[in-house]
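Here are a few exercises to work through with the model open beside you. Try each one before you peek at the solution.

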Number of protein chains: 2
Amino acid sequence: MPARLARVRDVADLRRFVARWRRRGERVAFVPTMGALHAGHVSLMQQARRSARRVVVSIFVNPLQFGPHEDFSRYPRPAARDRRLLEDAGVDLLWQPTVSTIYPPGDRTRVQVEGLSDVLEGASRPGHYTGVATVVMRLLAAVQPDVLWLGQKDAQQALILERMCTDLLLPVQVRRGATVREPDGLALSSRNAYLTPRQRQQAVALSQGLAAGRALLVRGERSAARIVRAVRAEIACYPLMREDYVALVDARTLAPVRAVQGRILLAVAARIGRARLIDNLEWSPR
Amino acid sequence: MPARLARVRDVADLRRFVARWRRRGERVAFVPTMGALHAGHVSLMQQARRSARRVVVSIFVNPLQFGPHEDFSRYPRPAARDRRLLEDAGVDLLWQPTVSTIYPPGDRTRVQVEGLSDVLEGASRPGHYTGVATVVMRLLAAVQPDVLWLGQKDAQQALILERMCTDLLLPVQVRRGATVREPDGLALSSRNAYLTPRQRQQAVALSQGLAAGRALLVRGERSAARIVRAVRAEIACYPLMREDYVALVDARTLAPVRAVQGRILLAVAARIGRARLIDNLEWSPR
């Protein structure tokens, strides 16, 4: 029988739980989420569970990481369903802070990971990663976990937060969980809920595009331009998809790459209907 | 007999000390410094000592908070004298990190306290307070103290760091120690060491200017313009001093004030010879 899921709202209550575990010498893993949980989150929680005795999950739809015309207000918030999922996943503690807990009155502090935050997703969504770094710093300060689990689905986010933890000397280990996909390849995302059935069919364009890129890489193609062209050609087969970017970059610096040598990130973003979807592939030559 | 001063360089060694104290339930106070310690620092350490069982002091001349034409390279570094002072003050642990410990290779992360960082000292020293917030965030993450002690001498710095700790939900209490002064009123500062004897005599201009401002406030003057004018007139009596700014602002927002109502900060900065000196007065009507 899974242990009962405890739920807290205040930082003081959260800290009481974590302090009790720490006194017993129990390791604590943390999975920050915006709710609307899916099997990708569950996979992260299961990995978190194997990495530590205790798992804390936060649900916080962070206003600071949404642009003025983005989907903050309509972002899905299926609270009861989320709770059942957390219970089934054996999560110990759910923390659902209010906006004024995370952004106290008079708040003025921002965390910025320069250079990595203004390219790819950051170029399309100005201020997005400052919002992400700023909120995750706060979540980490409140939870103080031993391990932080992040999804590979937003590889740029994972890289930025790894960089932040290293740079700010935060005493936390950062781990990435692999992207979980639908049987046809579509990466799981809370935003898939926005898709109509027809859009859902075509949303496979992103993973299909990446598959085309991977096929070239595996066959020895090293020209970034040719790989990007092949991804674009594949995505173009799906007329409902409006490409935002297809980029082949260094996986550690996000700098554009001309010829594939070290570890690369092939990242794609596109709009379809009301949704904006992303996906990516990390790869390195043998 | 004072306990022996332990010294560490690496974060791992630092954390071992602090973890041992924490296991015994001992509170830890932290005083970050750039060395060149004086009686103002010692006063902070003594207050830190009364606030917690253990006192950690860092000495780190932080390159990030110095402008390209400022005094980073010639900032005084009297290592042996500093150590004796720390021993006499009963400090438990001295942490002297290297630059690459605080700024790991590839570092890109900055902490910014918006709105408070670009006025007064921040206007004269662009980037200074981003450097301060960024380094203190790292020092706090490494030490994880219960109490952080800051000097009132740089009131803007104290305000910015209080704001940062609140906003980032850092589990630390921030306390300010009063400015310590020479018998003639000059605020103690490591940069006083730059003064020639004649400059030293005239450096009293700042505290004399503030005293003139205080006299007006106490007598009921509420016009910021008239108070600032009186401070300026006093400083002008010392021909070697080149005023940088005299400002009367809200002590919590640093916004300019026209008529004194709530708590105010009267802040002055001036150059004299190779030195740039600051001083301030916080005051509120009964």
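**Exercise 1.** How many residues does the largest nonpolar core have, and which have the most contacts inside it?

*Solution.* A ground rule to begin with: this is a predicted model, where local features need pLDDT of at least 70, side-chain atom pairs count only at pLDDT 80 or more, and totals for chains, interfaces and linings use all residues. Residues are numbered from 1 along each chain as its sequence is written, while chains are lettered from A and ligands numbered from 1 in the order in which they are written.

Now the core. A residue is buried if 20 or more other C-beta atoms, placed from the backbone, lie within 10 Å of its own, exposed if 12 or fewer, and partly exposed in between. Join buried Ala, Val, Leu, Ile, Met, Phe, Trp, Tyr and Cys through C-beta atoms within 7 Å and you have a nonpolar core. The largest one has 173 residues, with A:A133 and B:A133 making the most contacts inside it. Leaving out residues up to four places away in sequence, A:A133 touches A:V111, A:Q112, A:V113, A:I160, A:L161 and A:M164 (contact: C-beta atoms, placed from the backbone, within 7 Å).

**Exercise 2.** Work out which residues of helix α3 (79-88) of chain A are buried.

*Solution.* Helices are DSSP runs of H or I, at least four residues; strands are runs of E, at least two; both are numbered from the N terminus. In α3(A), the buried ones are A:D82, A:L85 and A:L86. They sit on the same side of the helix because they cover an arc of only 100° around the axis, taken from the directions from the helix axis to the C-beta atoms. The buried residues pack against α2 (39-51), β3 (54-59) and β4 (93-95) of chain A. After the helix comes A:G90, with a positive phi near 75°.

**Exercise 3.** Find out how many residues of chain A are in contact with chain B, and what supplies them.

*Solution.* Start with the count: 24 residues of chain A are in contact with 24 of chain B. On the chain A side, β5 (109-113), α6 (128-143) and α7 (155-167) each supply at least two residues. β5(A) gives the most, with five.

Next, look at the strands. β5(A) and β5 (109-113) of chain B pair in the antiparallel sense over five bridges; pairing takes at least two DSSP bridges. Here A:Q112 stands opposite B:R110.

Conventions: Two residues are in contact if their C-beta atoms, placed from the backbone, lie within 7 Å.
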